[in-house]
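Here's a quick briefing to read with the model open next to you. Take a look at the fold, then work through the points below.

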Amino acid sequence: GRDLRRLNSTNSLEILANCGYDLFHPTAYDPYCLSAPRKSPMVITFHDCIHEHFPEYFGLTDNMTASKRLYLEKADAVICISEYARTELLKYFEYDEKRTYVVPHGVDHSAFRGAKEDGRERVAEYGVYLLFVGGRGGYKNWAYWLRALEGPMKRRKEVKIVCTGRDFSEDEKAFISSLGLAGRVLHVAASTAQLPGLYGGARAFFYPSLDEGFGLPTLEALAS
């Protein structure tokens, strides 16, 4: 909760003030750590401009854009996870392009070598299924995608849809039922180790997101 976050921030600031380090690489845009004395260069990783591209999906109190700007003002270099992410960064923010570096995401291919074999167990469990991985809210476009599949799913009664991520909300359950797909759209709480098998057993993988800085699940699907 909020108290735990405050405690974490306090402890982190104490470590930053008292420890020696060669490079500071914060992994989130929480501005609390920017008040720490600078002892080394700071590098940040820039993931996307979804908040800037689709502000309608975020609340009026969301301060992500302001926090990004604070970090960019102080960052000595920026790692962008794709060429697209760098293009978006330079489109929405002022920053020296010469200090940006593209380092794409990757996957551990050894973790996906058994995807097809493990997928047979998932087929035995779920039958013929389509796979959706990740968040489902807002720009992820899940609800529109599911509505588009309503007709094909009713024509192919044997097909199911498997979704990972957080459990279905009551609203999502009601939406699934309204489409006549109750019992055929399933939630699976998959661990990282279980994901390759889910990819490997799927008849098809879908990623209908409106915007991504990279879209790692697509790379995972290809690796499977």
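Strands β4 and β5 (residues 160-163) run parallel to each other, joined by four bridges. One of the residue pairs across them is F132 with C163, the latter sitting in β5. Keep in mind that this is a predicted model.

**The open sheet**

- β4 and β5 belong to a four-stranded open sheet, ordered β6-β5-β4-β7, with parallel pairing.
- At the edges you'll find β6 (185-187) and β7 (204-206), each of which pairs on one side only.
- Ignoring direction, neighbouring strands in this sheet are turned by 25° against each other on average.
- Helix α5 (residues 115-126) packs on the sheet and touches β4, β5 and β6. The direction of α5 makes about 115° with that of β4.

**Strands β1 and β2**

- β1 pairs with strand β2 (residues 77-80), again in the parallel sense and over four bridges.
- Within that pairing, V43 stands opposite A77 of β2.
- Strand β1 (residues 43-46) is covered on both faces. V43 and T45 are buried on one side, and I44 and F46 are buried on the other.

**N141, an asparagine with positive phi**

- N141 isn't a glycine, yet its phi is positive, at about 70°.
- Most residues other than glycine have a negative phi.
- Look for N141 in the loop that runs between β4 (129-132) and α6 (142-155).
- Is N141 buried or exposed? N141 counts as buried, because its relative accessibility is 16% and the cut-off for buried is under 20%.

**G197 in helix α8**

- G197 is part of helix α8 (residues 195-201).
- With a relative accessible area of 3%, G197 is buried.
- Which residues does G197 touch, not counting those up to four places away in sequence? They are A115, D118, G119, R122 and Y129.
- G197 and V123 are 74 residues apart along the chain, while their C-alpha atoms are separated by 9.4 Å.

**E52 in helix α2**

- E52 lies in helix α2, which covers residues 50-53.
- Despite its charged side chain, E52 counts as buried, at 12% relative accessibility.
- Setting aside neighbours within four places in sequence, E52 is in contact with T65, K68, Y92 and F93.
- For a contrast in distance, take E52 and C19: these two are 33 residues apart along the chain, and their C-alpha atoms are separated by 35 Å.

**The chain as a whole**

- In secondary structure, the chain comes to nine helices and seven strands.
- Its C-alpha atoms fill a box of roughly 60 × 40 × 35 Å along the principal axes.
- Of the 224 residues in the chain, 40% are buried.
- Counting contacts between residues at least 6 apart in sequence, 64% join residues at least 24 apart.
- The chain's accessible surface is about 12,900 Å², and carbon and sulfur atoms account for 54% of that.
- On the charge side, there are 28 positive and 29 negative side chains. The centres of these two sets lie 5 Å apart.

Key
Residues numbered from 1 in each chain as written. Predicted model: local features only at pLDDT ≥ 70, side-chain atom pairs only at ≥ 80, totals over all residues. Heavy atoms only, no water. Helix = DSSP H or I, 4+ residues; strand = E, 2+ residues; numbered from the N terminus. Buried < 20%, exposed > 50% of the residue type's maximum accessible area, 1.4 Å probe, protein only. Contact = heavy atoms within 4.5 Å. Areas by Shrake-Rupley, 256 points an atom, 1.4 Å probe, with all protein chains shown as cover. Charge placed at Lys NZ, Arg CZ, Asp CG, Glu CD. Pairing = 2+ DSSP bridges. Axes fitted to C-alpha atoms, helices over the stretch in contact; angles between N-to-C directions.
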